[in-house]
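Visitor: I am new to this structure. Could you help me learn to read it?

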Amino acid sequence: WYELKITGFESHAGSTPMPVRKDALLGAARVVELVNAIGLSKASLGVSTCGMINAYPNSRNVIPGEVFLACEFRHPIDATLSEMDAALHEGVKAICGKIGLAYELKQIFYYAPVAFNPECVSAVRRAADHFGYKHRDIVSGAGHDACYMARVTPTSMIFTPCVDGVSHNESEDIKLEWSTAGANVLLHAALEKAEIVG
């Protein structure tokens with residue numbers, strides 16, 4: 001996660017000629033495009049977004065003199081995250097330099113990718129096979145409690161489908177048979193790891 005403050009110069013939107021403006025929001029808009037492009041460049045497993053943006057003074061007739069922006073990248077390979085980090089730093093420097101903006105970019109949080117326990121993952125696969133459920137391995141870009149549990153105990157995860165793949169939205173929905181299948185896989189995998197079933 002990154003926080004970026006872009007500083008330009010506040011001035012009147014009606015009387016300041018376009019070529020001399022130092023529009024911090026214009027810089028931020030270009031950074032949003034940059035962050036999206038970096039994510040797309042690693043699109044097989046990488047994702048990116050700018051989830052927060054605040055422009056100041058937030059007045060309809062004032063060219064924004066400052067913008068706060070939050071950016072984030074996620075990828076399961078640490079070296080690729082480093083490449084994304086370098087691309088962000090280089091891109092922000094170029095964008096702000098071209099418009100004459102100052103900026104402060106800092107990484108405020110880093111979470112190393114977590115690889116789950118191969119035996120636990122295999123137990124989940126075997127449980128799905130046992131019930132005849134279709135399944136596939138996936139990489140989750142989301143941070144879950146299981147990532148913290150993996151620090152202290154062997155861990156894996158089970159994902160069940162949601163209608164239209166929608167998650168973290170009020171319209172999220174799941175069919176009863178999907179949740180039943182997920183619970184069956186969880187129970188069977190746990191019983192195998194407890195050596196109650198084979």
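Visitor: What follows H5?

Guide: Glutamate 195 comes after H5, and its phi is positive, near 60 degrees. Helices (H or I, at least four residues) and strands (E, at least two) are DSSP runs, numbered from the N terminus. This is a predicted model, where local features need pLDDT of at least 70, side-chain atom pairs count only at pLDDT 80 or more, and totals for chains, interfaces and linings use all residues. Residues are numbered from 1 along each chain as its sequence is written, and side-chain values use heavy atoms, leaving out hydrogens and water.

Visitor: How many residues does H5 have?

Guide: Helix H5 (residues 176-193) has 18 residues and reaches 26 Å from first C-alpha to last. That is close to the 26 Å expected at 1.5 Å a residue, taken as 1.5 Å times one less than the number of residues.

Visitor: Which residues of H5 are buried?

Guide: Buried means under 20% relative accessible area, exposed over 50%, partly exposed in between (1.4 Å probe, protein chains only). In H5, the buried ones are Ala181, Gly182, Val185, His188, Ala189 and Glu192. Seen down the axis of H5, they fall within an arc of 135 degrees (directions from the axis to the C-beta atoms), so they line one face of the helix. An α-helix has 3.6 residues a turn, so residues three or four places apart point the same way.

Visitor: Which exposed residues does the face turned away carry?

Guide: On H5, that face carries Leu176 and Leu186. Leucine 186 counts as exposed at 52% relative accessibility. Leucine 186 and alanine 127 are 59 residues apart in sequence and 7.8 Å apart in space, C-alpha to C-alpha.
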